[in-house]
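Biologist: I would like a close look at a single part of this model. Please keep it brisk.

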Amino acid sequence: MDDDAGRLVPGAAVRRERRRGAGRQFKFMKRKFKVGDHVRWNSEAGYVSGRIIKVHTKDSVYKGYVHHASAHDPQYEIQSDKTDHIAMHKGTALHKIR
């Protein structure tokens with residue numbers, strides 16, 4: 001997109017792409033886990049593994065932040081195997097370990 005003088009406007013292509021895909025809905029496979037499942041996830045330090053200790057289906061405050069959750073898209077509270085640290089993630093960030 002250009003302005004009246006024919007110059008390109010920064011971010012115009014991004015806005016156009018957003019409009020183009022605004023009505024689309026992408027379906028991702030929702031992963032459902034249960035308490036006791038052994039999972040892994042990618043953190044800043046690399047892959048971490050742990051066990052799910054709680055499933056949240058409503059919005060909850062964790063470490064000062066609101067984590068949005070629903071029955072359709074729950075958040076999982078996981079305890080790390082190595083450090084016993086507790087983290088909260090959506091199912092799309094987790095991979096089940098056998």
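In what order do the 5 strands of the open sheet stand, and is the pairing parallel or antiparallel? Please take strand β5 as the part to look at closely.

Modeller: This is a predicted model, where local features need pLDDT of at least 70, side-chain atom pairs count only at pLDDT 80 or more, and totals for chains, interfaces and linings use all residues. Residues are numbered from 1 along each chain as its sequence is written, and side-chain values use heavy atoms, without hydrogens and water.

The order is β6-β5-β2-β1-β7, and the pairing is antiparallel. Strands are DSSP runs of E, at least two residues, numbered from the N terminus. Two of them pair if DSSP finds at least two bridges between them. β6 (86–90) and β7 (95–96) stand at the edges with a single partner strand each, so one side of each has no neighbour in the sheet.

Now to β5, residues 75–80. On one side, 5 bridges join β5 to β6. On the other, 6 bridges link β5 to β2, residues 46–56. Both pairs run antiparallel.

Gln79 faces Ile86 of β6.

The hairpin of β5 and β6 has 5 residues between the strands. There, Asp84 takes a positive phi near 65°.

Conventions:
Helix = DSSP H or I, 4+ residues; strand = E, 2+ residues; numbered from the N terminus.
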